[in-house]
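Let us read this structure together, one feature at a time.

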Amino acid sequence: KIAFAGGAALNVKLNQKIIARDEVKELFVQPAASDAGTAIGAATYAIAQRGIKLEKMEHVFLGPEFTNEQCITACKNYTFEDQAQSVQFKQITEVPKTIAKILADGNPVSWFQGRMEFGPRALGGRSILGCPSIPGVADRINEQIKFRERWRPFCPSMLDTVAPIMLKTDHPAPFMTFTFEVNDGWAERVPEVVHEDGTARAHAVKEAINPRYYALIKEVEILTGNGVVLNTSLNRRGEPVVCTPEDALNMFYGSDLQYLIMQDILVTKS
C-alpha cells in the first residue's frame, strides 16, 4: 500500500497509472491533498507523538451542517433587488424519492445536505447533481452554471454495489481521486459522466457513510436502471464551494438552476 498526500496527488490520471502498476496493491490519496492537508499532517504527528493509533480516514464530512429551521430562516431573510420577490420554498418529506424524480426528468439540482466536505471534491454534501443517462445534462450544467471547459468532464457518484460492475477495477474509490476505465456498455448507459477515453473519475458511495445520498442514488437506479448520478461541486466558476444556506441561495439565484434542496427544504423558481 502507498499513501500519497502532496498537491500532485489530485492528478487523477497520474493516480490511475500508479495503481495500474503490478507492485501497487492499493493507493491512498488524502482527498484534501493541498496546503489544507497540512492540518491533517500536524494532527497525525501529534497523535503519533502521544502513541495513539491513527484511525483510517473513512469520510471527509468535517465541516458545518445546518438544520431545517436554519435553512427556512435563510429563505425568509433572503433579499432581492426586487423587494416584491421572495424565496419560494416548502418542506418535503420524501427527499430522495422527490429529488430522484426531478433528476430523472432531466433537471439539475443543487444538493445541500449534512456536513460540508473537507477538501475540493464534492462528495454528496455540497453538490450539483444531474441524471447522467440524459443527453445534454452535462452541457446544460456547464453552460448555465459551471462555465468550465467542456474537456473537463463531470464525475459519477455511484452506489458501492455498482462500482465493481461499472469499473474495470475493484480498487477503492471513496474520494473521487482516481480515474478508472469503465466496462463495456456503460459509456452508452451514462454518457454524461464517461470521458472520451473511456474512463470516469468515480466516487463509490457507501450507505453507512452517507445514507441520504445513497438513498437518492438508489431511487435514481429504480427510475433509470442506473445507480449513478452526475456530481460536481456546488459553486460557480471562480467561487468557493457553498458552505451555508445563505451561500446556497446566493449561488442558486446567481445561476439558471431551477431546484435547490437544503436538508428537507425544497426551493424552486417559478
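**Contacts, cores and a helix**

Q: Which residues is M262 in contact with, leaving aside its neighbours within four places in sequence?

A: Contact means heavy atoms within 4.5 Å, and by that rule M262 touches N68, C71, C75, F112, Q113, P245, A248, L249 and V267. This is a predicted model, in which local features need pLDDT of at least 70 and side-chain atom pairs count only at pLDDT 80 or more, while totals for chains, interfaces and linings use all residues. Residues are numbered from 1 along each chain as its sequence is written, and side-chain values use heavy atoms, with hydrogens and water left out.

Q: How many residues does the largest nonpolar core have?

A: In soluble globular proteins, nonpolar side chains tend to be buried together. A nonpolar core is a set of buried Ala, Val, Leu, Ile, Met, Phe, Trp, Tyr and Cys residues joined through side-chain atoms within 4.5 Å, where buried means under 20% relative accessible area (1.4 Å probe, protein chains only). The largest one here has 71 residues, and I99, L103, F112, M166, L249 and M262 have the most contacts inside it. Another core, of six residues, lies apart from it and includes F61, C155, F175 and M176.

Q: Which residues of helix α4 are buried?

A: Helices are DSSP runs (H or I, at least four residues), numbered from the N terminus. In α4, which spans residues 95-104, the buried ones are V95, P96, I99, A100, I102 and L103. Seen down the axis of α4, these buried residues fall within an arc of 160°, taken from the directions from the helix axis to the C-beta atoms, so they line one face of the helix.

Technical notes:
Buried means under 20% relative accessible area, exposed over 50%, partly exposed in between (1.4 Å probe, protein chains only). Helices (H or I, at least four residues) and strands (E, at least two) are DSSP runs, numbered from the N terminus.
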